[in-house]
Amino acid sequence: MNTKISAAATNRIEFRGVSFHINDILKRLIVSGVSLEIPHGETLVLLGRSGSGKTTLLKLMNGMLLPTKGEVLVQDCSTSSWDPIRLRRGIGYVIQDAGLFPHFTVAENVGLVPSLEGWDASRTAARVEEMLHLVGLDAREFAHRHPRELSGGQRQRVGVARALAADPPILLMDEPFGALDPVTRAELQREFSALVRRLGKTIVFVTHDLREALLLASRIVLLEAGRIVASAAPQEFLRLDHPEVRAFTSSLTVTPGAFA
Amino acid sequence: MNPQTTWSFFIDHRDEIVGATLDHLTLVIIAMLIAIFIGVPLGMFIVQRPALRAIALGAASIFQTIPSLALFGFLIPIPFIGGIGKRTAIVALVLYALLPILRNTYVGLTGIDPAVLEAAEAMGMTRAQILFRVRFPLALAVILAGIRTATIITIGVATIAAAIGAGGLGTFIFRGVALVSDSLILAGAIPAALLALLADFLLGLLERKLKVS
C-alpha cells in the first residue's frame, strides 16, 4: 500500500474500465466504462452538461467514491488500496462555493493541511503568506479575516491557496469559478491559467463552460451521460464532428438581438 | 392580595427564600450537568446511526410528553433511582432536559453546509478531525440554544420537585396552595421566574458570542 503521495513519482492518474452506480434499488449508472489516462503535468478539463458524471469522476480520483467496476490508479496504485487520508492529503481540491471553514480565519483555512501534516507554526505561517501572495491576496490585509468578510472572488482565491498549501502534486477543481460573476470569473480564469503553467502539477478541472475549457485545458474530455464521447486538445476539439461537441460549440456563438 | 403584606413577608422570610433559591439552583445545575453529559455525546453518536437516532429522539420526546407531576410520581417506586427526595427529582429533571439538548446537538451537527463537509473530507481530515474541528465548533451555538431551552424548562419543572420532597422554591408554592396564601406562592414563584430570566439572558449572551455566521 502506498503511504504517501510523493512529488517525485509520476503523478499519473489512470481509469481502467471504470463504472460507478449509486448504491440504491435503481442502481443508476453515473459513470460507465470510462478508460482514461491523465499523464503527469497535464491540465485536463472534464467538460459536460449537468449530470454527465464529471464530479463523480473527480471524486473517484481522490477516493471519496470507489468504482463499482474497474479501477482508478493514482501513482500506479488503485484508490481502493490507498489509505484514503494519505491519498487526499496529496491531492488539492477546490469546489464551487470554496467550502471554506466559516469558523477559521483565512490563515487557518489555508494552513489547515500543513498543520494536519504536522508542520510547525512558523513554517505554516510562511507558507500561508506565500500561498496568499500566489493567488494575489495581501497576507497582511487578509490573513486574519473570516470567510464572511470576503467577496466571492476572494473566497475562491483562498480556496485555491488552501488546496495548494501542502504542495500537492495533483489538483482537482470542481467548477471552481462557477458561482462568480462573469467579470470576476474571467479575471480569475486568466490568472489561474498563468498560475497553472508555472506550477507543473497534474490538474483535473471540471466545468460546463466550453470557453473556460478552451482557455485552461491542455486536453478536453467531453462527457455525455457518464461516458467519454470526445477527447482532444483545445484547437482540435472545436473541429470534432460529434453532436454533443456541436451542442457545446454552438453555445459559444451569440447573435445580438436574434430573438428581439 | 396585598402587596404590602407580601413585601413584608419576603423581608421576614428572606433567609428561607434565599436558602430555597440556592437549593433550587443546585437541583437545576446538577440535573443540567448530567443532561449535558448524556445529551451532547449521545447527539454526536446518533449522527451516523439512523436506527439509534429514531429510538433516542423518540424516547426523549416521550419523556417530555409525560406531565411532570406524573413523572415524579412514576419514579417514586422505582428502585435505586426512585424514592422520595433529591435523587428522584434529579432523574426526572434530566429526563425532561434531555430532548432539547439531544435534538439541538443532532440538528446542529447535521445542519452544516455540505460544501464545508465535502471540503473537509477531500482535504484528508479524518472522521474524528471533522467531528471535533469542523462539525462541533460550527454546531456549538445551536447546541447552546438547546441547553438554554432545557435550563429554562428545568427551572420551571424543578418547582414541582417539592411534591416528592426534593425541596427548592416549589416548597413555598405547594405550601401556599395548601394554605391559600398568595404571599407564600409568590415567595416561590418570583425567585423561580427571576432565575429563569437570568439564565435565559446569560446563556443568550454566550450563544451570540459563539455564533459563526
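How many residue pairs are in polar contact across the interface of chain B and chain A? In this predicted model, the count is 4 residue pairs, with both partners at pLDDT 80 or more.

**View 1. The interface of chain B and chain A.** Chain B contributes 18 residues to the contact and chain A contributes 23 residues. About 1,800 Å² of area is buried between the two chains, and carbon and sulfur atoms give 67% of this area. There are also 2 salt bridges across the interface.

**View 2. A salt bridge between the chains.** A:Lys59 and B:Glu118 are joined through their side chains in a salt bridge, with an N to O distance of 3.8 Å. On the side of chain B that touches chain A, two elements give two or more residues: α6 (114-122) and α7 (127-157) of chain B. The largest share of that side, 7 residues, belongs to α6(B). Sorted by class, the side of chain B that touches chain A holds 11 nonpolar, 4 polar and 3 charged residues.

**View 3. The largest nonpolar core.** This core has 54 residues, and those touching the most other members are B:Leu27, B:Met32, B:Phe72, B:Leu93, B:Ile101 and B:Phe172. Elements of chain B that each supply at least two residues of the core include α2 (14-46), α7 and α9 (182-210). With 15 residues, α5(B) provides the largest share of this core.

**View 4. The surroundings of B:Met32.** Leaving aside residues up to four places away in sequence, B:Met32 touches B:Ala97, B:Ile101, B:Ile147, B:Ala150, B:Thr151 and B:Thr154.

Notes
Residues numbered from 1 in each chain as written. Chains lettered and ligands numbered in written order. Predicted model: local features only at pLDDT ≥ 70, side-chain atom pairs only at ≥ 80, totals over all residues. Heavy atoms only, no water. Contact = heavy atoms within 4.5 Å. Buried area = accessible area lost by both parts, 1.4 Å probe. Salt bridge = Lys/Arg side-chain N within 4 Å of Asp/Glu carboxyl O. Polar contact = N/O pair within 3.5 Å; in protein donor to acceptor, adjacent residues only side chain to side chain. Helix = DSSP H or I, 4+ residues; strand = E, 2+ residues; numbered from the N terminus. Nonpolar A, V, L, I, M, F, W, Y, C, P; charged D, E, K, R; others polar. Core = buried A, V, L, I, M, F, W, Y, C linked by side-chain atoms within 4.5 Å. Buried < 20%, exposed > 50% of the residue type's maximum accessible area, 1.4 Å probe, protein only.
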